[in-house]
Amino acid sequence: MSGCLFCEMDPERIIGEDELSYIIRDAFPVTEFHTLVIPKRHVESFFDLYQPERNSIFRLLDSAKMEIQNLDSHITGFNIGINSGASAGQTIQHCHVHLIPRRD
(Lines give C-alpha, C1' and ligand atoms only; values in the text may rest on other atoms or scores of the structure.)
Protein backbone atom coordinates (compact mmCIF):
# COMPACT_ATOMS: atom_id res chain seq x y z
CA MET A 1 0.00 0.00 0.00
CA SER A 2 1.40 3.35 -0.99
CA GLY A 3 2.56 5.42 1.97
CA CYS A 4 2.74 2.46 4.37
CA LEU A 5 6.12 2.25 6.12
CA PHE A 6 6.02 -1.55 6.24
CA CYS A 7 4.82 -1.99 2.65
CA GLU A 8 7.66 0.25 1.44
CA MET A 9 10.39 -1.22 3.67
CA ASP A 10 14.01 -0.63 2.64
CA PRO A 11 15.26 -4.12 1.67
CA GLU A 12 18.55 -3.42 3.46
CA ARG A 13 16.71 -3.41 6.81
CA ILE A 14 15.31 -6.91 6.29
CA ILE A 15 17.29 -9.48 8.28
CA GLY A 16 15.15 -12.53 7.49
CA GLU A 17 12.11 -13.46 5.47
CA ASP A 18 10.04 -16.10 3.78
CA GLU A 19 7.42 -15.78 1.06
CA LEU A 20 4.79 -14.23 3.37
CA SER A 21 6.60 -12.28 6.11
CA TYR A 22 9.85 -10.55 6.97
CA ILE A 23 11.96 -9.61 10.00
CA ILE A 24 13.53 -6.25 10.91
CA ARG A 25 15.02 -4.70 14.04
CA ASP A 26 12.70 -2.14 15.61
CA ALA A 27 13.75 1.45 14.79
CA PHE A 28 12.83 2.53 18.35
CA PRO A 29 13.83 -0.51 20.42
CA VAL A 30 12.65 -1.10 23.97
CA THR A 31 15.75 -3.28 24.50
CA GLU A 32 18.72 -4.24 22.33
CA PHE A 33 17.69 -6.63 19.53
CA HIS A 34 13.99 -5.66 19.75
CA THR A 35 12.67 -7.22 16.56
CA LEU A 36 9.52 -7.00 14.44
CA VAL A 37 7.97 -9.74 12.33
CA ILE A 38 5.75 -8.26 9.62
CA PRO A 39 3.45 -9.84 7.02
CA LYS A 40 4.25 -8.74 3.46
CA ARG A 41 0.58 -8.30 2.58
CA HIS A 42 -0.87 -5.04 3.84
CA VAL A 43 -3.30 -5.96 6.58
CA GLU A 44 -4.03 -3.80 9.62
CA SER A 45 -4.99 -6.38 12.22
CA PHE A 46 -3.56 -9.70 13.31
CA PHE A 47 -7.13 -10.94 13.31
CA ASP A 48 -7.38 -10.35 9.54
CA LEU A 49 -4.34 -12.49 8.68
CA TYR A 50 -4.82 -15.68 6.69
CA GLN A 51 -3.68 -18.87 8.42
CA PRO A 52 -0.58 -19.28 6.20
CA GLU A 53 0.50 -15.74 7.19
CA ARG A 54 0.06 -16.57 10.87
CA ASN A 55 2.11 -19.73 10.39
CA SER A 56 4.83 -17.73 8.65
CA ILE A 57 4.95 -15.18 11.46
CA PHE A 58 5.25 -17.88 14.12
CA ARG A 59 8.04 -19.65 12.18
CA LEU A 60 9.95 -16.39 11.83
CA LEU A 61 9.42 -15.56 15.53
CA ASP A 62 11.07 -18.88 16.43
CA SER A 63 13.93 -18.21 14.03
CA ALA A 64 14.46 -14.65 15.32
CA LYS A 65 14.40 -15.82 18.94
CA MET A 66 17.14 -18.37 18.31
CA GLU A 67 19.26 -15.82 16.45
CA ILE A 68 18.89 -13.22 19.18
CA GLN A 69 19.82 -15.73 21.88
CA ASN A 70 22.95 -16.61 19.89
CA LEU A 71 23.87 -12.91 19.76
CA ASP A 72 23.39 -12.26 23.50
CA SER A 73 23.83 -14.91 26.17
CA HIS A 74 22.45 -12.56 28.86
CA ILE A 75 18.87 -12.83 27.58
CA THR A 76 16.65 -14.58 30.12
CA GLY A 77 13.21 -14.08 28.57
CA PHE A 78 11.13 -12.54 25.80
CA ASN A 79 7.97 -10.51 25.41
CA ILE A 80 5.87 -11.17 22.33
CA GLY A 81 3.38 -8.40 21.65
CA ILE A 82 0.74 -7.42 19.14
CA ASN A 83 -1.10 -4.10 19.37
CA SER A 84 -4.30 -4.28 17.36
CA GLY A 85 -5.96 -0.90 16.77
CA ALA A 86 -5.04 2.65 17.71
CA SER A 87 -6.70 2.38 21.12
CA ALA A 88 -4.46 -0.62 21.84
CA GLY A 89 -1.31 1.36 21.03
CA GLN A 90 -0.86 0.40 17.38
CA THR A 91 0.95 3.35 15.76
CA ILE A 92 1.56 1.85 12.30
CA GLN A 93 -1.63 0.49 10.80
CA HIS A 94 0.03 -2.58 9.28
CA CYS A 95 0.05 -5.72 11.41
CA HIS A 96 3.38 -6.44 13.12
CA VAL A 97 4.55 -8.60 16.00
CA HIS A 98 7.11 -7.39 18.55
CA LEU A 99 9.76 -9.79 19.87
CA ILE A 100 11.44 -8.06 22.81
CA PRO A 101 14.38 -9.75 24.54
CA ARG A 102 14.60 -9.31 28.30
CA ARG A 103 17.54 -9.59 30.67
CA ASP A 104 17.64 -9.98 34.47
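Start with the charges: color the 9 positive and 15 negative ones, and their mean positions come out 4 Å apart. Here Lys and Arg count as positive and Asp and Glu as negative, with His and the chain ends not counted. Each charge is placed at NZ of Lys, CZ of Arg, CG of Asp or CD of Glu.

Before you click further, a word on what you're looking at. This is a predicted model, where local features need pLDDT of at least 70 and side-chain atom pairs count only at pLDDT 80 or more, while totals for chains, interfaces and linings use all residues. Residues are numbered from 1 along each chain as its sequence is written, and side-chain values use heavy atoms, with hydrogens and water left out.

**Stop 1: the whole chain**

Switch to cartoon view. You'll find 1 helix and 5 strands, running β-β-β-α-β-β along the sequence. These are DSSP runs (helices are H or I with at least four residues, strands are E with at least two), numbered from the N terminus. The C-alpha trace spans about 40 × 30 × 25 Å along its principal axes. The radius of gyration is 13 Å, which agrees with the value near 13 Å for a compact globule of 104 residues; it is taken over C-alpha atoms, and the globule rule is 2.2 Å times the number of residues to the power 0.38.

The chain exposes about 6,100 Å², with carbon and sulfur atoms supplying 54% of it (Shrake-Rupley method, 1.4 Å probe; for residues, only the protein chains shown count as cover). Of the 104 residues, 38% count as buried. Buried means under 20% relative accessible area, exposed means over 50%, and partly exposed is in between (1.4 Å probe, protein chains only).

Contacts are worth a look too, meaning heavy atoms within 4.5 Å. Among those between residues at least 6 apart in sequence, 53% join residues at least 24 apart.

**Stop 2: the salt bridges**

Side chains of opposite charge can pair when their charged atoms come close. The structure holds 5 salt bridges, each a side-chain nitrogen of Lys or Arg within 4 Å of a carboxyl oxygen of Asp or Glu. Let's visit some of them.

Select Glu17 and Lys40: their side chains meet in a salt bridge at 2.8 Å, N to O. Glu17 sits in strand E1 (residues 16-17) and Lys40 in the loop between strand E3 (35-39) and helix H1 (51-71), so this pair links distant parts of the chain, 23 residues apart. Lys40 is partly exposed, at 35% relative accessible area.

Next, pick Arg41 and Glu53, a salt bridge at 2.7 Å, N to O. Arg41 is in the loop between E3 and H1 and Glu53 is in helix H1, so the pair ties together parts 12 residues apart in sequence. Buried or partly exposed: which is Glu53? At 5% relative accessibility, Glu53 counts as buried, while Arg41, at 29%, counts as partly exposed.

Then select Asp72 and Arg103, whose closest N and O atoms are 2.8 Å apart in another salt bridge. Asp72 lies in the loop between H1 and strand E4 (75-81) and Arg103 in strand E5 (residues 97-103), so parts 31 residues apart in sequence are tied together. Asp72 counts as buried at 11%; Arg103 counts as partly exposed at 28%.

**Stop 3: Glu44**

Finally, click Glu44, in the loop between E3 and H1. Glu44 is partly exposed, with 44% relative accessible area. Which residues does Glu44 touch, not counting those up to four places away in sequence? Show Gln90, Gln93, His94 and Cys95. To finish, draw a C-alpha to C-alpha distance from Glu44 to His98: the two are 15 Å apart in space and 54 residues apart in sequence.
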